[in-house]
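Trainee: Could you take me through one part of this model closely? I would like to look at the charged side chains and their pairings.

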Amino acid sequence: MKLFKILTLVALGASLAACTTANRLAGIGKAPALTTIENPTAQAGYKPVNMPMPAPERVAYSPNSLFISGRRGFFKDQRASKVGDILTVQVTISDKASFSNKTARSRSSSNDAGAGGVIGSLFNNAVPGVPASGAIELKSGLTDAGNGTVDRAETLQTQVAAVVIQVLPNGNLVIEGRQEVRVNFEVRDLIVAGIVRPEDIGAANTIPSAKIAQARISYGGRGQITDVQQPRYGQQFMDAILPF
């Protein structure tokens, strides 16, 4: 059964490699294609955000008031507030983490047992050369040591425009933005998504990434350079079935 699974994985890997090879041959001399602009809510797998909401409040209407219900200022607010509005996300990430752990453990034990009198004489006759006073001896030992070190640093600073795709019942905005930049034969992808408060949006219709709740930020690339830096599919297959 295990051999059958391995052969099946090999066959799937071979078919995938053949399809990939055909696609690579078809793309010789061509730049990577950009994806089409699509409605994020219409993509496969999209699910509306469902977060814990406070109790609803009744809106008080004042017919003789100079202010319109729902406005945050006397004049029109140019900041994003409804589905389809656009705001600028200022992505600033500068993280550094360093951890070092060390563990050591050791234990040993020894037990002796002997037999005397008539039993000891019988034991000496049955097993010559072994003293009856130390006929049974048990020893055990355990030693364990471990070391772990993590040293990581990330720095990213850029800007991307995002679209409001949902307004939550408490007024918070769900945003999502994607930016693709192609230089020669390499495409750089930047994706930003999360939940923001309207109060955190600045007067210039911008918001820092640190104020985005449930933030999802992805920065990567695809193209010839990225493809060369990745292991071949055969190596990835071997790493998957032989992780150690």
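Mentor: Start with the term. A salt bridge is a side-chain nitrogen of Lys or Arg within 4 Å of a carboxyl oxygen of Asp or Glu. Side chains of opposite charge can pair when their charged atoms come close. Keep in mind that this is a predicted model.

Now apply the cut-off. Arg152 and Glu154 have their closest N and O atoms 3.3 Å apart, so they form a salt bridge. Glu154 is partly exposed, with a relative accessible area of 32%.

The structure has seven salt bridges. Another one joins Lys82 to Asp85, at 3.7 Å from N to O. Asp85 is buried, at 18% relative accessible area.

Next, go to Arg197 and Asp200. Their salt bridge has its closest N and O atoms 3.0 Å apart.

Beyond its neighbours within four places in sequence, Asn172 contacts Arg197, along with Gln166, Val167, Ile195, Val196 and Pro198. Asn172 sits in the loop between S2 and S3. Is Asn172 buried or exposed? Its relative accessible area is 18%, and buried means under 20%, so Asn172 is buried.

Finish with a group. Salt bridges link Arg178, Glu180, Asp189 and Arg222 in a network. Find those four side chains in the view, then go back to the pair Arg152 and Glu154.

Definitions and conventions. Residues numbered from 1 in each chain as written. Predicted model: local features only at pLDDT ≥ 70, side-chain atom pairs only at ≥ 80, totals over all residues. Heavy atoms only, no water. Helix = DSSP H or I, 4+ residues; strand = E, 2+ residues; numbered from the N terminus. Buried < 20%, exposed > 50% of the residue type's maximum accessible area, 1.4 Å probe, protein only. Contact = heavy atoms within 4.5 Å.
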